[in-house]
Amino acid sequence: MAQFVPVDPFDLIIFGGTGDLSQRKLLPALFHRYLDEQIPESSRIIGTARSEMSREDYLDMAKTACHAATADATWSEEKWQNFAEMLYYQPLDISASKKDWKPLKDLVTSEKKIRVYYLATAPSLYIPTCEGLDKAGMVTSQCRVVLEKPIGRDLESAHAINEGVCAVFDESQIFRIDHYLGKETVQNLMVLRFSNSLFEPLWSRNHIDHVQITVAESLGLEGRAGYYDKSGALRDMVQNHILQLLCLIAMEPPQSMDADDIRTEKIKVLRALTRFDASTAKTQTVRGQYTEGLVEKQPAPGYLEELGEGETSNTETYVAIKADIANWRWAGVPFYLRTGKRMKHRTSEIVIQFKPVAHSIFGDTSDQPNRLVIRLQPDEAVRLFLHIKEPGPGGLHIKSLPLNLSYAESFHIRYPDAYERLLMEVVRGNLALFMRRDEVEAAWQWVDNLIEAWEASDAKPVNYTAGSEGPLASAMLLDRDGRSWWASDK
Ligand code: BG6
């Protein structure tokens with residue numbers, strides 16, 4: 001049974017309290033933590049946003065959101081009523097020239113209590129919000145501020161946001177969210193690597209042939225065209241989620257689980273990533289954009305149709321990258337990264353492919369290498385593919401079969417959403433699952449360089465059909481190296 005240790009009472013103020021993130025993730029996450037008795041009832045959750053709305057209307061909205069995210073068997077009207085007692089709403093338009101912070105200030109309780117400001121707004125409001133809080137005298141030593149992604153759209157804008165926020169809050173009070181770090185299987189990457197003596201001796205260029213990281217989504221734009229078309233797959237998924245996964249796979253063992261020990265090792269990986277120029281961007285990366293097709297047997301429009309009639313766009317909805325890490329552990333081991341929208345299935349997997357034995361006495365088995373496949377979603381699992389002899393008296397036939405650790409079969413519990421863990425870590429003041437300023441900026445440096453290289457090479461996205469495995473050029477990227485993408489259906 002999972003143990004839920006209650007956190008200290010807190011006041012949580014959600015800026016963007018009526019938005020999509022609040023409704024889909026934050027409020028349901030808080031409700032679930034309350035159901036598991038992790039949130040003391042003397043806590044307050046205060047939504048704030050531009051809309052004029054009464055507390056009753058906010059509670060109605062929150063109830064619909066929490067109900068939709070809770071299994072029928074778990075829902076309890078009585079528990080909801082108790083949770084609702086902790087919920088408040090206060091309208092505040094941060095973008096307005098004249099703002100009255102007093103009503104919000106009146107809603108927060110003691111200065112001695114932990115206070116969390118969650119900025120679930122457009123990033124352009126991060127600095128005005130922090131400055132407003134400061135001027136209103138609402139920043140105390142017990143405060144933490146949470147910044148949602150995207151933190152900027154390039155190094156310059158990320159740096160400006162960091163400067164503005166750091167002018168008000170100390171770095172130790174700033175929690176930059178990458179929700180992938182709250183996923184159970186992502187946290188398990190560190191346990192797998194650093195708590196099992198088995199892997200570390202194998203974890204380098206001496207035994208690993210290459211690594212693949214795939215985050216495939218079957219969804220399309222989901223009404224976010226305005227944001228996505230200015231962003232694209234590289235900024236939306238690689239700069240944060242995929243680079244975080246890469247760091248956890250590639251980093252040196254940290255000295256301890258202390259936040260700075262972990263983050264210091266991650267940043268070394270980001271700094272060691274090889275940069276691109278116009279020529280290597282052409283040979284080592286692929287940009288794609290989906291056209292209409294069938295996703296899970298349902299007709300799906302193309303990207304341009306989703307944008308609107310007559311729209312044109314060079315934004316990539318798919319990206320594949322052959323990345324190199326220039327250090328002693330990884331020199332010569334490619335990390336193939338790919339992510340795309342409207343792919344065949346929603347799957348996120350990390351594949352560590354090992355080198356063949358030095359001399360095979362069983363003939364050529366190189367088409368079935370040893371692999372460690374870590375499946376992050378939809379069904380969490382770790383599989384280690386080993387060679388075994390096929391039973392039978394005939395010849396000696398080798399087969400590759402997995403040792404299969406399925407989380408669902410091993411642990412019969414509901415998997416908490418990433419935000420549930422992350423919110424509780426913020427209240428506890430544990431920064432280990434959040435990104436430090438230099439980490440975010442180092443990730444942008446690498447991404448900015450690739451965008452410049454794309455611009456220099458005039459790279460246009462190639463088409464792929466919605467519901468497919470992505471563009472042919474992506475398969476060719478590995479084929480040229482005599483390798484192929486791991487087919488997750490296998
Ligand atoms: C978000 C991206 O950060 O992550 C979305 O902005 C993407 O475009 C989402 O769909 C994927 O998250 P998950 O948890 O569904 O894999």
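Me: How much area is buried between domain 1 and domain 2, and what percentage of that area do carbon and sulfur atoms give?
Reply: Happy to start there, with the reminder that this is a predicted model. The area buried between domain 1 and domain 2 comes to about 1200 Å². Carbon and sulfur atoms give 69% of that area.

Me: Which residues of domain 1 lose the most area to domain 2?
Reply: The contact takes 17 residues from domain 1 and 11 residues from domain 2. In domain 1, three residues together make up 33% of what that side buries. Those that lose the most area are K25, R33 and R144.

Me: What does the side chain of R33 meet in a salt bridge?
Reply: The count between domain 1 and domain 2 is two salt bridges. For R33, the N to O distance in its salt bridge is 2.8 Å, which is within the 4 Å cut-off. The partner is the side chain of E420.

Me: Which element gives the largest share of the side of domain 1 that touches domain 2?
Reply: Several elements each supply at least two residues of this side: β1 (10-15), α1 (20-35), β4 (114-119) and β5 (143-147). The largest share is seven residues. Those seven come from α1.

Me: What is the distance from a polar side-chain atom of K183 to an oxygen atom of the ligand?
Reply: K183 is among the residues that surround the ligand, including K149, K341 and Q377. For K149, an N or O atom in the side chain is 2.8 Å from an oxygen atom of the ligand, and for K341 a polar side-chain atom lies 2.7 Å from one. For K183, the distance is 2.6 Å.

Me: Which residue is joined to K149 by a cis peptide bond?
Reply: K149 is one of the residues around the ligand. Omega here is about 5°.

Me: Which residue is joined to Q377 by a cis peptide bond?
Reply: Q377 also belongs to the surroundings of the ligand. Omega of this cis bond is about 5°.

How values were computed
Residues numbered from 1 in each chain as written. Predicted model: local features only at pLDDT ≥ 70, side-chain atom pairs only at ≥ 80, totals over all residues. Heavy atoms only, no water. Contact = heavy atoms within 4.5 Å. Buried area = accessible area lost by both parts, 1.4 Å probe. Helix = DSSP H or I, 4+ residues; strand = E, 2+ residues; numbered from the N terminus. Near = heavy atom within 4 Å. Polar contact = N/O pair within 3.5 Å; in protein donor to acceptor, adjacent residues only side chain to side chain.
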